[in-house]
Amino acid sequence: MSLVFVINGPNLNLLGTREPDVYGHETLEDVEALCRDRARDLDLEVDFRQSNHEGVLVDWIHEARTLADGIIINAGAYTHTSIALRDALKGVGLPAIEIHLSNTHAREPFRHRSYLAPVVNGVIAGFGINSYALALIAMSELID
Ligand code: DQA
């Protein structure tokens, strides 16, 4: 069975209480449960993680290199700032999908730039927690 790392970056631990008008009322635990449900349907195994620390996220991307078949990443604000995450994703060379709950292109201009988008297979943004489910479907196709 293929293993997919679902990596969540800064502030996503606050989901449910954080700006619910933008990010919805579901918690990160709800997102994890959704991922596990969808992964089961798709015959995928999910390793679901969250950290607020950029270096930890880099380490997890490196760890995926030997353990996982693909990476789904919501890097939060690091999407718009982190050359280190971009280099890590490019460096491991696994199938990778960048995701966002919100439609970052419909928000502030500083959210329009992603350092990760050029080095991933694709980007899914704006579907709330369903962005994770859509990414799992896309990842199962990429891995097959
Ligand atoms: C986000 C969008 C980012 O711009 C923001 O910094 C986040 C969440 C999203 O899922 O919509 O933390 O990645």
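The ligand and its surroundings

Reply: In this predicted model, an oxygen atom of the ligand lies 2.6 Å from an N or O atom in the side chain of Ser102. The protein covers 99% of the 320 Å² of accessible area that the ligand has on its own. For His100, the distance from a side-chain N or O atom to an oxygen atom of the ligand is 2.8 Å. For Arg18, the corresponding distance between a side-chain N or O atom and a ligand oxygen atom is 3.0 Å.

Which residues surround the ligand? They are Arg18, Tyr23, Asn74, Gly76, Ala77, His80, His100, Leu101, Ser102, Thr104 and Arg111. Sorted by class, this shell contains three nonpolar residues, six polar residues and two charged residues.

Helix 2, which spans residues 28–42, packs with helix 5, which spans residues 130–143, at an angle of about 30 degrees. Their axes are 9 Å apart. Angles under 35 degrees count as roughly parallel, and helix 2 is therefore roughly parallel to helix 5. The crossing of helix 2 and helix 5 is right-handed.

Notes: Residues are numbered from 1 along each chain as its sequence is written. This is a predicted model: local features need pLDDT of at least 70, side-chain atom pairs count only at pLDDT 80 or more; totals for chains, interfaces and linings use all residues. Side-chain values use heavy atoms; hydrogens and water are left out. A residue is near a molecule or strand if one of its heavy atoms lies within 4 Å of it. A polar contact is a pair of N or O atoms within 3.5 Å; within protein, one must be able to donate a hydrogen and the other to accept it, and residues adjacent in sequence count only if both atoms are side-chain atoms. Accessible areas come from the Shrake-Rupley method with a 1.4 Å probe; for residues, only the protein chains shown count as cover. Ala, Val, Leu, Ile, Met, Phe, Trp, Tyr, Cys and Pro count as nonpolar, Asp, Glu, Lys and Arg as charged, and the others, Gly among them, as polar. Axes are lines fitted to C-alpha atoms, for helices over the stretch in contact, and angles run from 0 to 180 degrees between N-to-C directions. Helices (H or I, at least four residues) and strands (E, at least two) are DSSP runs, numbered from the N terminus. Angles under 35 degrees count as roughly parallel, over 145 as roughly antiparallel, 65 to 115 as roughly perpendicular and the rest as oblique. A crossing is left-handed if the near helix is turned anticlockwise from the far one by less than a right angle, and right-handed if clockwise.
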